[in-house]
Amino acid sequence: MDCGNARKLIEARADGLLPPGAGEGLDAHLASCAACAADRARTDAVGLLLRSRAAAQAVSADRRLDAMWTRVRAGIAEGREAPPPFRPWKWAWVPAAAALVVSALLFYPTKLDRSPFNPRTFDVSVEEVESDTATVALVDKGEDLPRVIWIIEDAKS
Amino acid sequence: MKERDAPGAPDDELIRRTLGGDEDAFRELVERYKSRAFGVVVGIVGSRDDALDVVQESFVKAYYKLKDFRFGSNFYTWFYRLLVNQAIDRWRKTSRSGEVPLDEGWLSEEVTPPDSFAHPSTPEKLLENRELGEALQKAIAALPEHHRAVILLREVEGMAYEDIAKTLGCSQGTVMSRLHYAREKLKAALGRHMGG
């Protein structure tokens, strides 16, 4: 058994997951490899120290743990008396939806014979406009009347 | 996970009674699990005061969420998920505020680990070595919170990978890799004191 396999088995043993029959090979390796034996000792020590630490902390907190039910009961009573928490985000969608509806009503063309700008083809052209301010316009020349889509004025759109 | 140290009415029955308005039934659940809960939480948050708060808050939260509990599943795994998340939240808050607690009370002479936790294959002197304990404490505090939770659930609670994965809401592979990482870090910290 090489050291790499041995390290994996050391961890598996610590977790109670050593494959059947692997224990003997591991023990034989540990007897002949000081580095892996030290690794096993450290692995065991980690578990032992963590359990000891938790136990010691629980022992020192015992009296205060005795009062845990009193604390929990007080917390439960507090929860009953408290009004339901105000969650502004719960209704945040309402103004957003209202704004969406209003803008749809405002911007949807009132003339039903003319559909909103939604070109299937980009039948547009860039044209010069005779104006003091506008220099270039993007014009939709589709269907009936040409429509100005975009005007660039003094390099500002 | 088996219900250790849980004589008396089964958890499911206590939960049904609690949902029916019997507060004493919930008290029994609190008494049954408070010590184990504390043992894990204190390992994650590092301070006994914070741990007591987290355990209390978790039981209160569990009381109000009990209606969502699925009968047939394990109460403790369900409760642990809530508990560990609360503990991790608390740790994040304290670590963000720069007040990371390092409770070294367990290292003082007045506190002696119970004999039942002694391990025959490990030198007893290990526990008497204050430097070693401090090194471990610092190494635990330096671990990312999820790694700390995994190694405590495994080593202190003896939970199986599957239960840890359910508790933390991650895969078993993630549990194994976090456990390996946490062990290596703690072993490295101990190694300097154990001639490794």
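In chain B, the side chains of Lys187(B) and Glu184(B) form a salt bridge with an N to O distance of 3.1 Å. A salt bridge here is a side-chain nitrogen of Lys or Arg within 4 Å of a carboxyl oxygen of Asp or Glu. Both residues belong to helix H9 (residues 172–191) of chain B, where they sit three residues apart, about one turn of the helix. Helices (H or I, at least four residues) and strands (E, at least two) are DSSP runs, numbered from the N terminus. Lys187(B) is buried because its relative accessible area is 5%, whereas Glu184(B), at 34%, is partly exposed. Buried means under 20% relative accessible area, exposed over 50%, and partly exposed in between, with a 1.4 Å probe and protein chains only.

The model is predicted: local features need pLDDT of at least 70 and side-chain atom pairs count only at pLDDT 80 or more, while totals for chains, interfaces and linings use all residues. Residues are numbered from 1 along each chain as its sequence is written, chains are lettered from A and ligands numbered from 1 in the order in which they are written, and side-chain values use heavy atoms, with hydrogens and water left out.

Chain B as a whole has nine helices and zero strands. Of its 196 residues, 51% are buried. Its accessible surface comes to about 9,400 Å², and carbon and sulfur atoms account for 47% of that. Accessible areas come from the Shrake-Rupley method with a 1.4 Å probe, and for residues only the protein chains shown count as cover. Among contacts in chain B between residues at least 6 apart in sequence, 68% join residues at least 24 apart; a contact means heavy atoms within 4.5 Å.

Over all chains, the salt bridges number 25. One of them is between Arg154(B) and Asp15(A), whose side chains meet at 2.8 Å, N to O. Arg154(B) is in helix H7 (residues 145–155) of chain B and Asp15(A) is in the loop between helix H1 (3–14) and helix H2 (22–32) of chain A, so this pair joins two chains. Arg154(B) is buried at 12% relative accessibility, and Asp15(A) is buried at 7%. Both residues are part of a network of salt bridges that also includes Glu11(A), Arg51(A), Glu155(B) and Arg183(B).

Another salt bridge links Glu57(B) with Arg90(B), the closest N and O atoms being 3.1 Å apart. Glu57(B) lies in helix H3 and Arg90(B) in helix H4 (residues 75–96) of chain B, so the pair ties together parts that are 33 residues apart in sequence. Glu57(B) is partly exposed at 36% relative accessibility, while Arg90(B) counts as buried at 17%.

Helix H3 of chain B also holds Ser58(B), which is buried at 0% relative accessibility. Leaving aside residues up to four places away in sequence, Ser58(B) touches Phe79(B), Leu82(B), Leu83(B) and Gln86(B).

Lys61(B) is found in helix H3 (residues 48–65) too, and at 36% relative accessibility it is partly exposed. Together with Lys65(B), Lys67(B) and Lys93(B), Lys61(B) forms a positive surface patch. Patches are made of residues with over 30% relative accessible area and no salt bridge, like charges being joined within 9 Å and nonpolar side chains (Val, Leu, Ile, Met, Phe, Trp, Tyr) within 5 Å. Lys and Arg count as positive and Asp and Glu as negative, with His and the chain ends not counted. The place of a charge is taken as NZ of Lys, CZ of Arg, CG of Asp or CD of Glu.
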